[in-house]
Amino acid sequence: MTEITITAPDDWHLHLRDSDMLGETVPATARIFKRGIIMPNLVPPVTNAELASQYRQRILAARPQGNDFEPLMTIYLTNDTTKQDIIDAKAAGVVAAKLYPAGATTNSDAAVKALEALYPIFATMADVGLLLLVHGEVTESHIDIFDREKVFIDRYMSKVVKDFPTLKIVFEHITTKDAAEFVMAAPANIAATITPQHLLLNRNDLLVGGVRPHNFCLPVLKRNIHQQALQQAVKTGSSKFFLGTDSAPHEKSAKESACGCAGCYSAWGAIELYAQIFDEIGALDKLEGFASHYGADFYGLERNSQKITLVKESWQLPEQIILPNGRPIVPFHAGQTVSWKVK
């Protein structure tokens with residue numbers, strides 16, 4: 001197959017950042033994706049309906065003229081989140097609340113330290129129909145970073161799923177065979193997003209031949225058996241798995257530093273990279289469901305009516321992009337050849 005036409009896709013896990021960064025991230029995402037679930041881990045975080053509404057207006061102001069990209073807003077759960085915060089968020093059009101274990105990723109220091117304390121909040125979310133998005137890792141320093149997703153499943157995720165059978169939960173950016181099997185076996189109210197980097201890469205691509213900071217993300221890349229399990233999950237065509245890039249920009253200096261900030265900025269080539277890996281594993285016929293149908297269905301939204309066409313044609317991602325502030329950012333897969341292209 002050398003050409004495929006699919007329903008226009010959505011990105012169900014997206015970091016746009018804020019301020020002048022929006023001048024880069026919003027157009028880059030909106031060139032292909034019609035909607036995006038916007039992560040709330042700003043500084044300070046987006047913790048209530050008012051902050052979400054203000055952030056949404058800043059995103060809309062950064063859209064290219066004539067573009068109809070729709071940001072779908074989320075709020076950031078803390079141990080100070082109230083039931084009224086959830087009710088107000090739902091009334092304001094917020095679609096989900098994000099659970100970050102404290103310290104799990106970029107700008108998550110204000111996040112949840114005692115998960116059980118949020119049970120009344122989860123109950124309210126189930127009542128009003130606000131989805132729960134979960135960064136599924138424990139953060140204790142003594143637990144190996146490659147095991148943190150599995151430990152989170154065993155310790156917390158299994159219990160939350162059992163205790164809240166009507167709460168829709170998205171297990172974000174899953175990275176392990178354990179997570180894929182957990183989601184596949186879970187009830188219909190549980191789904192997962194999968195990133196391009198976790199389908200394309202494994203930890204060899206981060207560590208062999210020297211550390212490659214632009215492949216560093218959290219959850220960290222795992223061994224190849226987990227990469228293969230994610231590929232097999234999408235190959236099944238199960239509606240429980242859908243596209244979420246976790247596109248997460250950092251300036252080049254922040255990635256190539258002692259900090260080594262986590263995040264892969266994939267917006268410049270995301271749908272093309274998904275097409276490439278789906279083609280490589282013989283699952284190109286499953287791409288439309290994964291990219292364009294299952295996320296909308298799970299969120300209870302209408303599928304997009306527009307179409308896009310991808311052709312099997314090689315092109316090269318840029319080595320770097322200059323941000324509105326004049327500083328460079330390195331996109332995911334920078335300088336590498338991609339085998340599929342939007343027509």
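Where do Asp 163 and Lys 159 both lie, and how many residues apart are they? I looked them up and found both in helix α5, four residues apart, about one turn of the helix. Helices here are DSSP runs of H or I with at least four residues, strands are DSSP runs of E with at least two, and both are numbered from the N terminus.

**Entry 1: ground rules**

I am reading a predicted model, in which local features need pLDDT of at least 70 and side-chain atom pairs count only at pLDDT 80 or more, while totals for chains, interfaces and linings use all residues. Residues are numbered from 1 along each chain as its sequence is written, and side-chain values use heavy atoms, with hydrogens and water left out.

**Entry 2: back to the helix pair**

I checked what joins the two residues of my opening question. Asp 163 forms a salt bridge with Lys 159, with the closest N and O atoms 2.9 Å apart. The term asks for a side-chain nitrogen of Lys or Arg within 4 Å of a carboxyl oxygen of Asp or Glu. Next I looked at exposure: buried means under 20% relative accessible area, exposed means over 50%, and partly exposed lies in between (1.4 Å probe, protein chains only). Asp 163 has a relative accessible area of 30%, so I noted it as partly exposed. Lys 159 has 43%, so partly exposed is the word for Lys 159 too.

**Entry 3: other salt bridges**

How many salt bridges does a search of the whole structure find? The search finds 15. I picked out Glu 3 and Lys 343, whose side chains meet at 3.5 Å, N to O. Glu 3 lies in strand β1 and Lys 343 in the segment after β15, so this pair ties together parts that are 340 residues apart in sequence. Glu 3 is partly exposed at 40% relative accessibility, whereas Lys 343 is exposed at 67%.

I then turned to Arg 35 and Asp 10, whose side chains form a salt bridge of 2.9 Å, N to O. Arg 35 belongs to strand β3 (residues 35-38) and Asp 10 to the loop between β1 and β2, so the pair links parts 25 residues apart in sequence. Are these two buried or exposed? Arg 35 counts as buried at 7% relative accessibility, and Asp 10 counts as buried at 0%.

**Entry 4: strands around Arg 35**

I followed Arg 35 across to strand β4, where it stands opposite Glu 70. β3 and β4 pair in the parallel sense over four bridges; two strands count as paired if DSSP finds at least two bridges between them. Strand β4 (residues 70-76) is mostly covered, with six of its seven residues buried.

**Entry 5: the sheet that holds Glu 3**

Glu 3 took me to an open sheet of three strands, ordered β1-β10-β15 with antiparallel pairing. β1 and strand β10 (residues 307-311) pair in the antiparallel sense over five bridges, and Glu 3 stands opposite Val 311 in β10.

Angles run from 0 to 180 degrees between N-to-C directions, using axes fitted to C-alpha atoms, for helices over the stretch in contact. Helix α11 (residues 270-280) lies across β10 and β15, at about 55 degrees to β10. Helix α12 (residues 287-299) packs on the sheet and touches β1 and β10, its direction making about 25 degrees with that of β1.

**Entry 6: aromatic rings**

I found that the structure holds 11 aromatic pairs. Rings of Phe, Tyr and Trp (its six-membered ring) pair if their centres lie within 6.5 Å; planes under 30 degrees apart count as stacked, over 60 as edge-to-face and the rest as tilted. Trp 12 and Phe 242 are edge-to-face, 6.4 Å centre to centre with 75 degrees between the planes. Both are buried. Trp 12, Phe 242, Phe 298 and Tyr 299 form one aromatic cluster.

Lastly, I noted Lys 168 over the face of Phe 298, at 5.0 Å from the ring centre. For this, NZ of Lys or CZ of Arg must be within 6 Å of the ring centre and within 35 degrees of the ring normal.

Conventions: Contact means heavy atoms within 4.5 Å.
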